[in-house]
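I opened this structure for a first look. These are my notes on what I looked up.

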Amino acid sequence: GRFAGDGFSFSPRLAWQLAPGYTLNGQVFAQRNQFDNDGRTTTSVLQGQPPLSVDDRYTNRGEWRNLRGSLQWVRRDDDGSSLDAKLGAQASRSFFRTDVDGNDAAGQHTLTRQVTGDNREHGASSSGKYARPLWEHHSLALGWDVEQRQRIETRSLIDNGVSQLGGFDGEPFQAHILLTAAYVQDEWEIS
């Protein structure tokens, strides 16, 4: 068989001191990979009924992409208080297609199979924390954490023109997730 693939990753980062006690950090991460394979598989039946095909030629192609970004702002004041706020976003996609042509032991064409998949996901997040010293070894902390994501998947498997993933497995899949949290707490140190 032949197996080929390539890809790249890119991840620049920025750290900027805006003023004493104030910083801004940013980062982007991008990645892309692809593959393109073909080959042949054979099956030897030692006992029992042979499968629909025992000599298969296949091609398999696909791609995966991912993009993420984050931004962080930090403020530290002379009185010991601090604010740390973060924003993030991400998007990804992967898809593939596999084609198989199969023959039985007599060399007759018995199988035409196509398998496909497509997955997409995107999301955004925000988190932050404000902390202020109260008295010795104690600080007041207030914060939040919010994240939203959505994922969509589709798959198919078709043998000789007939879908093999009927019902639940062959249906498109969608998920929406929302996570939220807020807190107020006394943070203390043991010494």
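**Ground rules**

I am working with a predicted model, where local features need pLDDT of at least 70, side-chain atom pairs count only at pLDDT 80 or more, and totals for chains, interfaces and linings use all residues. I number residues from 1 along each chain as its sequence is written, and side-chain values use heavy atoms, with hydrogens and water left out.

**Whole chain**

I looked up the secondary structure first. The protein chain has zero helices and nine strands. Helices (H or I, at least four residues) and strands (E, at least two) are DSSP runs, numbered from the N terminus. Along the sequence I read β-β-β-β-β-β-β-β-β.

Next I checked the dimensions. The C-alpha atoms fill a box of roughly 85 × 35 × 30 Å along the principal axes. The radius of gyration is 27 Å, whereas a compact globule of 191 residues would have one near 16 Å. That radius is taken over C-alpha atoms, and the globule rule is 2.2 Å times the number of residues to the power 0.38.

Of the 191 residues, 20% are buried. Buried means under 20% relative accessible area, exposed over 50%, and partly exposed in between.

I also looked at contacts (heavy atoms within 4.5 Å). Among those between residues at least 6 apart in sequence, 64% join residues at least 24 apart.

**Strand S7**

Which strands pair with S7 (residues 138-159)? I found S6, S9 and S8. Pairing here takes at least two bridges found by DSSP.

S6 (residues 109-135) runs antiparallel to S7 over 22 bridges.

Val146 has Thr180 in S9 as its bridge partner.

S8 (residues 162-163) is antiparallel to S7 too, with two bridges. Ile158 is partnered by Ser163 in S8. The S7 and S8 hairpin also has two residues between its strands, and Asn160 in the turn shows a positive phi of about 50°.

**Two residues in S5**

I picked Leu87, which lies in strand S5 (residues 82-103). Is Leu87 buried or exposed? Leu87 counts as exposed because its relative accessible area is 53%. Setting aside neighbours within four places in sequence, I list its contacts as Gly69, Ser70, Leu71, Ser125 and Ser126. Its C-alpha is 14 Å from that of Thr23, which is 64 residues away along the chain.

I then went to Gly102, also placed in strand S5. Gly102 counts as buried because its relative accessibility is 0%. Beyond neighbours within four places in sequence, Gly102 touches Ser53, Asp55, Asp56, Gln108, His109, Thr110 and Leu111. From Gly102 to Leu18, 84 residues apart along the chain, the C-alpha separation is 64 Å.

Key
Buried means under 20% relative accessible area, exposed over 50%, partly exposed in between (1.4 Å probe, protein chains only).
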